[in-house]
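Work through the exercises below with the sequence and the model open beside you. Each one sets a task and is followed by a solution that goes step by step.

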Amino acid sequence: MILIGEDLNVMTGEISRVIKEREAGPIKECVAGQTKNGMDYLDVNVGPVKKDPQGTMEWIINTVQDVTDLPLSLDTTNPVAMEAGLEVCKKKALINSASGTTESRETMLPLAAKYSTDVVLSVINDAGLPADADERAASIMDSAAFANELGIPNENIWVDPVLLPIGVDQRQVTSYLEFIQMLQDLLPGARSTCGLSNLSYGAPRELKSLLNRTFLIMIGRYGQHSAIVSGFDQELIRLIRGEVPEIVELIYRAMEEEDLDLSALSQKELEYAKTTQVLMGKSLYSHSWLEV
Amino acid sequence: MKYEPPLEKISVNIRETVLGQGEKSVKIGGENTLPFHSFEGSLPNSAGLALEVLDTQPENWAPSVLEPFEDVVSDPVKWAKKCVEVYGAEMLCLRLLSTDPMGKDRSPEEAAEITKKVTDAVDVPFIVWGTDMEDKDAQVLMQVARVCSGKNLLLGPVVKGNYEKIAKAALEHGHAVVAQASMDANLTKELNIALCKFFPPEKIVVDPTASALGYGLEYTFSIIEEIKQFGLVDKDKMMQMPILCDFGGDCWRTKEAKESREQGILWEAISGITFLLAGANLLVFRHPESLKLIKEMVI
């Protein structure tokens, strides 16, 4: 599993401030920390950068590359900033992100073709977010065909099925699972990614990581190629790197077995088993899913 | 070969909740099949149909919904009696509107006293309803629970912010509660889980906050359907509570209802039958004719 560290993000106030003031220290610290924790890629989320998109992007990418050799995922909705970033990236970059919308087809996808980069392609299109797995399939087939025509091969496309918060719409989580299993048949060679933290948006703070970790193991089993995750979630990193095989095994069993015997499990195992069941859609989500 | 229609057998039940006491007590819920699927399972209890009574003179009521009660609106005891004796109501919903802190702001003691008088006067089961003000409702309903101890009232609404206080008083004094979570199956489950830590599940009725026709009835329909499906098909124990819908206020606020008696009655009846089709177990009506229409249709 390719892990993309999400922590360099303009949405966190501190990063927003230091970008504005061109203060390299905190950025370097954030980058070094995630690199040390074993991320494979780093996401650089600068938002829409309305002011000086070119200069800002160049500065931040160079600052990041001063302290890491990792490839970067460039996260901006501004095509001018995106192109400026691609110009200075030393390694093959990942454009985060394009979609099937007309605007994205006209601005982001041509950049992926021009610079032969990888590109995140979400299932969103002009009609919005598809309602289920089949609609996701139809949407991505259409957008990928368009990308192929521009000269972007499937291997450069990282499909984002779009993960919604489980507390908002549990069925969207189960259709994600359904869709990710179909993906290799739909688009052979294509990769996949998702914004994992979105899953637990709105969930109790102390339980967010449990949801994220469990889901990542589940989708990994279904062939998920990568995910954008917190580069500082040590427990998630240990789990995904195979350091806790018994928990991974348990999650697999909870995915398969209809009537998993919960009585024999330790407290920690019980938490993973219940979380898996709720993520599989076997029981209705509520914030207190561990208490039933 | 003989054709066998495929039937979906469900192995669990919606909990049966008993309201009131004695001969006139009413049972709701208890079904092990989807609404009106009597060919697939059993629906032991027909829906509970309650008529509304206010503890104070109604303000701004449409003339045609005020008309049936015109001679009794100044006295909730007479109002309740008329509902039962003249209009044949088998259950009542006493709305403690005068406790509204933004309005008359009557004290919990006064409210409990009125509730005692009204519930002593007629022997049908009662829903006793607050004003959707979390803190005030808690004070009022706790006091009502104490003063009317043992009457097995259905107290509500009980929400995330006040469920502990009200449900503890209800438990101590032998009442049931209405757990209210607005249009959200996840939050409905959440509140039920919290309540069931100390409160018996068979004394909980859930309220998804019904919206009448024209106010988002489709959403209410979906939520009721969802709750029922989770409870019966997915066997989710925290979703097997009977469902209450209270929507008379919405119906009689419409321009159509204010203009025409017939339109108002139909508005309320159509909303009610729709909720029953979705799976509601207990309806609160404002107009006796709407209640009568529903009764003729389903009972």
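**Exercise 1: two helix contacts in chain A**

A:Leu210, A:Leu211, A:Arg213, A:Thr214, A:Phe215 and A:Met218 of α8(A) are in contact with A:Glu271, A:Tyr272, A:Thr275, A:Thr276 and A:Leu279 of α11(A), contact meaning heavy atoms within 4.5 Å. By class, this contact of α8(A) with α11(A) holds six nonpolar, three polar and two charged residues; Ala, Val, Leu, Ile, Met, Phe, Trp, Tyr, Cys and Pro count as nonpolar, Asp, Glu, Lys and Arg as charged, and the others, Gly among them, as polar.

The model is predicted, so local features need pLDDT of at least 70 and side-chain atom pairs count only at pLDDT 80 or more, whereas totals for chains, interfaces and linings use all residues. Residues are numbered from 1 along each chain as its sequence is written, chains are lettered from A and ligands numbered from 1 in the order in which they are written, and side-chain values use heavy atoms, with hydrogens and water left out.

*Task.* Describe how the axes of α8(A) lie against those of α11(A) and α10(A).

*Solution.* Begin with helix α8 (residues 205–221) of chain A and helix α11 (residues 267–279) of chain A, whose axes come within 9 Å and cross at roughly 70°. Axes here are lines fitted to C-alpha atoms, for helices over the stretch in contact, and angles run from 0 to 180 degrees between N-to-C directions; helices (H or I, at least four residues) and strands (E, at least two) are DSSP runs, numbered from the N terminus.

On the α8(A) side the contact is made by A:Thr214, A:Ile217, A:Met218 and A:Arg221, and on the α10(A) side by A:Val248, A:Ile251, A:Tyr252, A:Met255 and A:Glu256. These residues divide into six nonpolar, one polar and two charged.

**Exercise 2: a helix pair in chain B**

*Task.* Are α7(B) and α10(B) roughly parallel or roughly perpendicular?

*Solution.* The axes of helix α7 (residues 217–232) of chain B and helix α10 (residues 261–278) of chain B come within 8 Å and cross at roughly 25°. That angle makes α7(B) roughly parallel to α10(B). The contact residues of the pair divide into six nonpolar, three polar and two charged.

**Exercise 3: between the chains**

*Task.* How many salt bridges are counted between chain B and chain A?

*Solution.* The contact takes 11 residues from chain B and 11 residues from chain A. Two salt bridges are counted between the chains, each a side-chain nitrogen of Lys or Arg within 4 Å of a carboxyl oxygen of Asp or Glu. A:Arg171 forms a salt bridge with B:Glu226, with the closest N and O atoms 3.5 Å apart.

**Exercise 4: backbone**

*Task.* Which peptide bond joining B:Gly156 is cis?

*Solution.* The cis bond joins B:Gly156 to B:Pro157, with omega about -5°, and B:Pro157 lies in strand β6 (residues 154–158) of chain B. In chain A, the peptide bond from A:Asn96 to A:Ser97 is cis, with omega near 5°. Most peptide bonds are trans.

Notes: Angles under 35 degrees count as roughly parallel, over 145 as roughly antiparallel, 65 to 115 as roughly perpendicular and the rest as oblique.
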